[in-house]
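Please open the model in a viewer and keep the selection tool at hand.

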Amino acid sequence: MYMKEFGYGLIYLLCGIFMIGWPLRLLRMMDTCLAFIFFVNGTRKLLKPGKNHKVMDIGFGLLSIGFAVFIFNDQHFSNEIIRMGTAVYMLMYCVSCLVQYLIDLDTKEGHALIDLGNGVFSLFIGFYLIIHPHFDVNVLIILYGIYCMGLAGRSFLDGWTGIKKDYHWQRKHYLMLPAIVLAFLPGQRVQRLQKQTETELMDQKTNEKTFLKVMVQVGPQGLQKVGHIAFAYKDCVYSYGNYDAESSKLNGTMGDGVFFMLPFDAYLDQMLHMEKNSVFEYGISISKKQAKWIEQEIKKLKERSKRWFCAIERENGFSHAQDYMNDYPSRLRNATQVQFYKIRKGKFKTYWALGDNCAQFTNIVFSKLGSAILNSRGVVSPGAYFVWLEHEFKKAKSPIVYRKIHIAA
């Protein structure tokens, strides 16, 4: 399994060398590949069997072939894609940082200046790329090449630390793929696993009993495919999110921060059978000192929170619970008697999908374990944690002692 990390590192290294050494050739290859893809797609639609042929298929087929010819004859198409794609990504990152900066100012949390600096820098880069259509895209390709070299170094280091007998977690920056790439990886993994007949897969290094579990869950549709992450300490699940629909803003990406506590078995049963979410469960070995630290963090979280009542509780709607089934907190409360808590002050008072989200909430426990992903700023998705947890589980001496995959029925 360590050879796979070295293999990834070699791929990243070769990509980085190619980007740095031959950026113009890469752009031309991209143009050729895009033209080929559109040409094949258009031809398939035009040659579709006559019985099922529709006028729309002919139209899209001709349009696709025409677009392929346009790309093939335009020497700057890939340049524009890379320039504008980078600009849009930087502006999105700017929004995530600046909103988090305002949230940190409101809650008087630290790191606000870091988010402000990242946001302003991203804003400048994004607008600069938009208003300079003749920007030399080769510069961006070379920068991406350097980024790939960094990913190669991380993969080689992962492979090496996996072999070491004295491996342990330590705080450091963990370089990862862009958040937009990582976001959908758990969902893709579930789709592959659903083709198998097993509904539960177990990989275990030891029989050691673990008090800490981390769960990455993935749903079948919409934003559920991006996933959610929660942790369980001593078989009590702590899950954080924008559960108060009345406080929800920006299409559900912001709202009051709410968490719930629920026994692990009840949580797992609800996710698998009611919510139809598949769950990746990781058992993590912790020391007595780390357990004490985690308990202190959970205690602090409870002290700055207050009981929050969902719609079915406020309106005493248990006798006609079917009317509340579109509301997730009410649905969960009716099935499990769970209790919700709204954070009144400090970190996580405000939920922000691109900042203080469920993945950052999980850092309540990981910050006490010294894991490498913690120092990341900006967008940290459940997918980022999923990739990191998968990498760490493959290391024989890592604290992750088992992985159990539950496939939704």
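At what angle do H13 and helix H14 (residues 382-393) pack, and how far apart are their axes? In this predicted model, the two helices pack at about 45°, and 8 Å separates their axes. Because an angle counts as roughly parallel under 35 degrees and as roughly perpendicular from 65 to 115, H13 and H14 are oblique to each other. Display the side chains at this contact: Cys358, Ala359, Asn363 and Phe366 of H13 meet Pro382, Tyr385, Trp388 and Leu389 of H14. By class, the contact of H13 with H14 comprises seven nonpolar residues, one polar residue and no charged residue.

**The sheet**

Now select the whole sheet. It is open and has nine strands, paired antiparallel in the order E1-E11-E7-E2-E3-E4-E6-E9-E8. Which strands stand at the edges? They are strand E1 (200-204) and strand E8 (305-308); each has a single partner strand, so one side of each is left without a neighbour in the sheet. On average, neighbouring strands of this sheet are turned by 25° against each other, direction ignored.

Next, select helix H10 (residues 288-303), which packs on the sheet. H10 touches strand E2 (212-218), strand E3 (228-233), strand E4 (236-241), strand E6 (258-263), E8 and strand E9 (339-343). Its direction makes about 115° with that of E3.

**H9 and H12**

Select helix H9 (residues 264-274) together with helix H12 (residues 328-336). They pack at an angle of about 120°, and their axes lie 11 Å apart. That angle makes H9 oblique to H12. H9 passes H12 in a right-handed crossing. On the H9 side, the contact is made by Gln270, Met271 and Met274; on the H12 side, by Tyr328, Arg331, Leu332, Ala335 and Thr336. These residues divide into five nonpolar, two polar and one charged.

Move to helix H2 (residues 23-46) and helix H4 (residues 77-107). Their packing angle is about 105°, with the axes 8 Å apart. H2 and H4 are therefore roughly perpendicular to each other. Show Leu27, Arg28, Met30, Asp31 and Leu34 in H2, which meet Phe77, Ser78, Asn79, Ile81 and Ile82 in H4. This contact has six nonpolar, two polar and two charged residues.

**Annotated spans**

Finally, colour the spans that the unreviewed UniProt entry annotates as "transmembrane region": residues 6-24, 55-72, 84-103, 112-131 and 137-157. Two of these can be examined end to end. Residues 6-24 are 95% helix and 0% strand, and their end C-alpha atoms lie 28 Å apart. Residues 84-103 are 100% helix and 0% strand, with 29 Å between the end C-alpha atoms.

Conventions: Residues numbered from 1 in each chain as written. Predicted model: local features only at pLDDT ≥ 70, side-chain atom pairs only at ≥ 80, totals over all residues. Heavy atoms only, no water. UniProt positions renumbered as here; feature names shortened; annotations may be inferred. Helix = DSSP H or I, 4+ residues; strand = E, 2+ residues; numbered from the N terminus. Pairing = 2+ DSSP bridges. Axes fitted to C-alpha atoms, helices over the stretch in contact; angles between N-to-C directions. Contact = heavy atoms within 4.5 Å. Parallel < 35°, antiparallel > 145°, perpendicular 65-115°, else oblique. Left-handed = near helix turned anticlockwise from the far one by under 90°. Nonpolar A, V, L, I, M, F, W, Y, C, P; charged D, E, K, R; others polar.
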